[in-house]
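Subject: Structure for your review

Hello,

Here is the structure you will be working with. Please open it alongside this message.

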Amino acid sequence: MTRRIVVIGDVVLDRDLLGRTERIAPDAPVPVLDVEQLRESPGGAGLTALLCAAADVDVVLVAPIGTDPAGARLKAQLQTRIDVLPLPHDGATRSKTRIRSSGQSLLRLDEGGPGTPIEPPLEQVRQALAAADVVLVSDYGAGTTSDPGLRALLTESAAAIPVIWDPHPRGAAPVAGTTLVTPNLAEARARTGRSGARARPPDVLALDLQELWGSRAVCVTAGSAGAYLAMSGSEALYVPAPLISTGDPCGAGDRFVASVAQALVRGSVLSEAVVTAVAQASTWVANGGAGAYRDRKSDRGPVVSAGPGPDRASPKDGESGALERFMAGVRARGGQVVATGGCFDILHVGHIACLEAARRAGDALIVLLNSDESVSRLKGAGRPVVPAAERARVLRALQSVDAVVIFDEDDPRAMLARLRPDVWAKGGDYGGTKLPEADLVRSWGGRVLLLPYVDGRSSTSILERSRIPTPRSL
């Protein structure tokens, strides 16, 4: 079944002036570019709309487009893949020209604008929005999101269908009821209006903005660190980005919001959509960003590094006070200590994913491990399969784990109170459910993060699949 995404926002004409730089001008100490190629393509909301299009997804772009030759070229390129509802445009077509040599930008020239809509045809926009399954607002600061008539229509849409809002520092605030707002870290710090915003962690900023804007959720994207999703009635979800060795982040935000929109229109829940979007945005960066997309060469997978190196100093087994000294050393260097916990009876891919994500949330990871007696009380007779000492040894061998502490209680609160980590990261499907230890962690200024849940992976399910049926007696 074909679904429909309506993208509304500001477009620009992206221009790349490509050539070779092999000499310095005789009349000034500047490089000379011998031009070899001029390449033009839609940017801003135009790029976002193109990225939303797929075989099972139709896209309509609603945006101011100029009537000058540059606007005509821009519209013609868009209409090869999507439908366009052009709005009257104030001024010449906005364009960004990058002067590039050997893959590097030497200079960028911005022309045209302001690009603000003039008396938009609201009834046509209303009809377009009424036919949408998902609406994506791609704000590039030209004034589309500030138009009173368009804002009223977006408010109506937000009450009926998912609306994703990608904000801009010069743009208007999202309308009430928006499903998801996706500021980057710099935008989030600028938008909160609170003193000390620069020092606030991304997950806290996301919670602040979710309350400020009255949206269902806010996802703060933090570049190579990943994304932090705050939703009503739930702890913040941290989705780490895959580690990549090289790449170009240009257009990564457009790829992220387009991936969220595609996932939602195909039936994903919000947390699943964000996990998908982080992975696809990372692939986009690794594949060369918007430049590679314009070249139609972005078809290789991401270059993933091996993760944190093994050269960090971790506490030694059995050494009294080693853990406390290790934590103090991390904090003395300005780092943050993350703790996570569980039984980890049969180590599987879900465990590995959660441990790697937890390690990315700070600068050191301590695992709080249920003792054998604790596991037996929680899981029943026959558990654990692997004794605590062996489980701890396996965990310590992982690059993501700095230390393991075994505790005897049924929950980790007593150990948490002793260690007081800066972050308590918990893997699992806890959306909408408050963790019992959350208030304790926050009592000393700690933060609580949820980690992506790897569905269908558990020690119990592995043990059930591995049981050998007993043949019936004759």
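This is a predicted model: local features need pLDDT of at least 70, side-chain atom pairs count only at pLDDT 80 or more; totals for chains, interfaces and linings use all residues.

Residues are numbered from 1 along each chain as its sequence is written, and side-chain values use heavy atoms, with hydrogens and water left out.

Salt bridges

Side chains of opposite charge can pair when their charged atoms come close. The whole structure contains 22 salt bridges (a side-chain nitrogen of Lys or Arg within 4 Å of a carboxyl oxygen of Asp or Glu).

One of them joins Asp16 to Arg39, with 2.7 Å between the closest N and O atoms. Asp16 belongs to strand β2 (residues 11-24) and Arg39 to strand β3 (residues 31-44), so this pair ties together parts 23 residues apart in sequence. Strands (E, at least two residues) and helices (H or I, at least four) are DSSP runs, numbered from the N terminus. Both Asp16 and Arg39 are buried (buried is under 20% relative accessible area, exposed over 50%, partly exposed in between; 1.4 Å probe, protein chains only).

Arg23 and Asp34 form another salt bridge, the closest N and O atoms being 3.0 Å apart. Arg23 is in β2 and Asp34 in β3, so the pair ties together parts 11 residues apart in sequence. Arg23 is partly exposed at 45%, and Asp34 is partly exposed at 23%.

Asp411 pairs with Arg413, with the closest N and O atoms 2.9 Å apart. Arg15, Glu40 and Arg73 are linked in a salt-bridge network.

Helix pair

The axes of α3 (residues 122-130) and α4 (residues 148-158) come within 10 Å and cross at roughly 20 degrees. The axes are lines fitted to C-alpha atoms over the stretch in contact, and angles run from 0 to 180 degrees between N-to-C directions. The two helices are therefore roughly parallel (angles under 35 degrees; over 145 is roughly antiparallel, 65 to 115 roughly perpendicular, the rest oblique).

Surface patch

Leu106, Leu107 and Leu109 form a nonpolar surface patch with about 260 Å² of accessible area together. Patch residues have over 30% relative accessible area and no salt bridge, with nonpolar side chains joined within 5 Å and like charges within 9 Å; areas come from the Shrake-Rupley method with a 1.4 Å probe. Leu109 is in strand β7 (residues 104-117).

Strand β11

Val220 is in strand β11 (residues 217-221) and is buried, at 0% relative accessible area.

Regards
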